[in-house]
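Dear colleague,

Please find the structure below, handed over for your study. My notes on what was found in it follow.

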Amino acid sequence: DDIKMMKSMGLDAYRFSISWSRILPRGRVSEGVNQKGIDYYNDLINTVIANGTSKGQIGIALNTLWCEPYKKGDADDIEAVKRAMDFVMGWFLEPVLTGVFAANDPNPTHIGYLGDQRLEISFSDATGKALGPQAGSFWLHMYPQGMYNMLIRYVNDKYGDKIPAIYITENGWDEKNDEKLKVKDACVDSMREDYHKSHLVYLLKSMKEMTVPANVKVTLHGRGVIILNGLKDTVRFGLIYIDYKNNQKRYPKTSARWFAKFLGGKEFLSANQENVEEQ
């Protein structure tokens, strides 16, 4: 049902990850394979194919972020940004594109991944100005310029014509989970709508400014906007509200309706006129 709902919204792709513990609960094939796990993924893949929402592409997924100097113009902070970007992006992407590791050797003097970076992460600059509005999670802020900077100032400027197709596979906004809210109120998520609008603006700006557009294709996947992700105990992501008190019934948030309009998902809009005022 969720895959069909995504299709009705106008989404034409779906990204999912395989949980190997679901396939190999004991970590080794020799220790036994969970057939129920295999059946689950087979059913999922067949459903995705049947609804025409996947091209079956396989690639590396990198979890990255964008950093800015704590003090503008400060040489040490500028160097810290370069080091941070290599730790989260360069060391993984550069070997794939060039066959060699990023030149920024950490010269480790501390123990562990975080210690070797020799930097501190802050969500505000030296003047106390926040990077952007904070979401439900302390680590998530709205800074759409970061997407532009990542694609242009880092990926495009650094790797040029070596860049393969780029898929943004996970990008979204969360809010604190408030069990006291009625469904109708929980479905009003203007900040999430603003988040996606502003990121799409900077995404389009990036695509127009790429120096090698023939080798660059930036695509926003369905999972990229986090369709369903309740995380009911702490925060909630997602365009769709999941009512855990009512058999996990799905309700489209205002952001989902906007996205459907943006993508031309007339089927979704006409099928989701249900009134949630009393929920």
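In which helix is the place of Ile23? Ile23 has its place in helix H2, residues 20-23. Helices (H or I, at least four residues) and strands (E, at least two) are DSSP runs, numbered from the N terminus.

Before going further, please note that this is a predicted model, in which local features need pLDDT of at least 70 and side-chain atom pairs count only at pLDDT 80 or more, while totals for chains, interfaces and linings use all residues. Residues are numbered from 1 along each chain as its sequence is written, and side-chain values use heavy atoms, with hydrogens and water left out.

Overall picture

The protein chain has 10 helices and 7 strands. Of its 279 residues, 41% count as buried; buried means under 20% relative accessible area, exposed over 50%, and partly exposed in between (1.4 Å probe, protein chains only). Among the contacts in the protein chain with a separation of 6 or more, 62% come from residues 24 or more positions apart. Contact means heavy atoms within 4.5 Å.

Leaving out residues up to four places away in sequence, Ile23 touches Ile18, Gly32, Val33, Asn34, Gly37, Ile38 and Tyr41.

Gly265 is found in the loop between helix H9 (254-263) and helix H10 (266-271). Its relative accessible area is 3%, so Gly265 is buried. The C-alpha atoms of Gly265 and Met6 are separated by 9.2 Å, although these residues are 259 residues apart along the chain.

His199 belongs to helix H8 and counts as buried because its relative accessibility is 7%. Beyond residues up to four places away in sequence, His199 touches Met142, Tyr143, Pro144, Met147 and Asn171.

Aromatic rings

How many aromatic pairs does a search of the whole structure find? The search finds 11. Rings of Phe, Tyr and Trp (its six-membered ring) pair if their centres lie within 6.5 Å; planes under 30 degrees apart count as stacked, over 60 as edge-to-face and the rest as tilted.

The ring centres of Tyr154 and Tyr159 are 6.2 Å apart and the planes meet at 75°, so this pair is edge-to-face. Tyr154 and Tyr159 are both buried. For Trp173 and Tyr195, the centres are 5.6 Å apart and the planes are at 45°, so the pair is tilted. Trp173 lies in the loop between strand E1 (166-168) and strand E2 (175-176), and Tyr195 in helix H8 (residues 190-209), so the pair ties together parts that are 22 residues apart in sequence. Trp173 and Tyr195 are both buried.

A cluster of Tyr14, Phe16, Tyr40 and Tyr41 is linked by ring pairs.

Helix H4

Helix H4 (residues 75-98) has 24 residues, yet its end C-alpha atoms are only 28 Å apart, short of the 34 Å that a straight helix would reach at 1.5 Å a residue. The expected span is 1.5 Å times one less than the number of residues. Where does H4 bend? H4 bends by about 55° at Gly90, the bend being the angle between axes fitted to the seven residues ending there and the seven starting there. After H4 comes Gly99, whose phi is positive, near 90°.

Yours sincerely
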